[in-house]
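This briefing looks at one helix pairing and at a selection of charged side-chain contacts. Please keep the coordinates open while reading.

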Amino acid sequence: MGVRRFDLAAGGDVFSFHASTEEKISFWLSKYPEERKRSAVIPLLWLAQKDNAGWLSEPAMREVADRLEMPYIRVYEVATFYTMFRLQPVGQHHIQLCGTTPCMLRGANDLKEVCEKVIGSKGQVNETGRLSWEEVECLGACVNAPVVQINDYYYEDLTSETLEEVLRKLDSGVDVAPGTFVKRHKSAPEGDAVTLVDAALYNGSAAASASLPNLPEELPETTLKPRDGKMPKSVKKAKSVKAEAEAAEKAVEKTDTGSAAENNAPEGQKPEGLEAPKGEPDDLKKISGIGPKIEGILNELGIFHFSQIAAWGEAEVAWIDDYLKFKGRVARENWIAQATTFADEATS
């Protein structure tokens, strides 16, 4: 990037934002904490450029620095780094001509000749003060090449003839609408549409089918067999799994004989329970390892007191372990010793 310098002579000595811009400034300042308000330097420089006839004078940059309580040099650094900020006066209509490869291949060099012919050299404002131009890097509208940006808007699909006509009109005070200058809709192919023109694609009739195409159907068993007549292993395994699941369901349903309940009975001796607690039930949750859920299960079994747990033997412990599906939990968490301690404290 070449050296970018201020035009001190053209900038004058003072600058002030337009009254209508103050609301926009407040908007940008509100986006940042007070101690971070210098983060708004780029938006405020852009607003200053808008209010200064399209370019940044040195007084305009100083005004931004004062608003943000920044050293002047820091604002100058930002303004000179970004080419979106112009440091010399421009015309009422400033043309930015894209010279990057797609536009160049589509005739950007011819457009440069038009700018030089109608306006003059790069960076020069013409005699009427209405036009100026510069060459820029990609404007990001390659599909509509060649493209120029005039102030805030794109003029696309230009030729030497159409660009010259646009410039002549602007220089005579006639506004020209932006957009494409060929017969196309935005970035669609030039000319009338030739694809996706069937109305059924948009009126809903194409979606009237009740089912999706190519959905798999349940095939007869014969179609799953290879040429040698043997059932594939994957099919055999699937059928076996299904048969096992069905058999398990039927086994659970057999409640008339009681065989399932007998086969699943816990090992050991079921602890002797009470029909109701003797007085107030003990808080079994005091035993480490017994929570509200297990306490509820024990109460359902008629276990309400520490003394009942303290009296369990190996057979009762084995039954509880199996019943709760926590093998070895009673011994591992030392329920009996804890229950004995709490029972002794209750009687002392």
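With which residue does Lys117 form a salt bridge? In this predicted model, the partner of Lys117 is Glu164, and the closest N and O atoms of the pair are 3.3 Å apart.

**Packing of H7 and H8**
- The axes of helix H7 (residues 108-118) and helix H8 (residues 160-171) come within 9 Å and cross at roughly 30 degrees; since angles under 35 degrees count as roughly parallel, the two helices are therefore described as roughly parallel to each other.
- The crossing of H7 and H8 is right-handed, and the contact involves Asp110, Leu111, Val114, Cys115, Lys117 and Val118 from H7, together with Ser160, Leu163, Glu164, Leu167 and Arg168 from H8.
- The residues of this contact comprise six nonpolar, one polar and four charged.
- Lys117 is exposed, with a relative accessibility of 57%.

**Salt bridges within helices**
- In helix H4 (residues 58-68), Glu58 and Arg62 are four residues apart and thus separated by about one helical turn, and their salt bridge has its closest N and O atoms 2.8 Å apart.
- Glu58 is buried at 15% relative accessibility, whereas Arg62 is partly exposed at 24%.
- Arg74 and Glu77 form a salt bridge with an N to O distance of 3.2 Å, and these residues are three apart in helix H5 (residues 72-81).
- Both are partly exposed, Arg74 at 42% and Glu77 at 38%.

**Overall count**
- The model contains 16 salt bridges.

Terms used:
Residues numbered from 1 in each chain as written. Predicted model: local features only at pLDDT ≥ 70, side-chain atom pairs only at ≥ 80, totals over all residues. Heavy atoms only, no water. Axes fitted to C-alpha atoms, helices over the stretch in contact; angles between N-to-C directions. Parallel < 35°, antiparallel > 145°, perpendicular 65-115°, else oblique. Left-handed = near helix turned anticlockwise from the far one by under 90°. Contact = heavy atoms within 4.5 Å. Nonpolar A, V, L, I, M, F, W, Y, C, P; charged D, E, K, R; others polar. Salt bridge = Lys/Arg side-chain N within 4 Å of Asp/Glu carboxyl O. Buried < 20%, exposed > 50% of the residue type's maximum accessible area, 1.4 Å probe, protein only.
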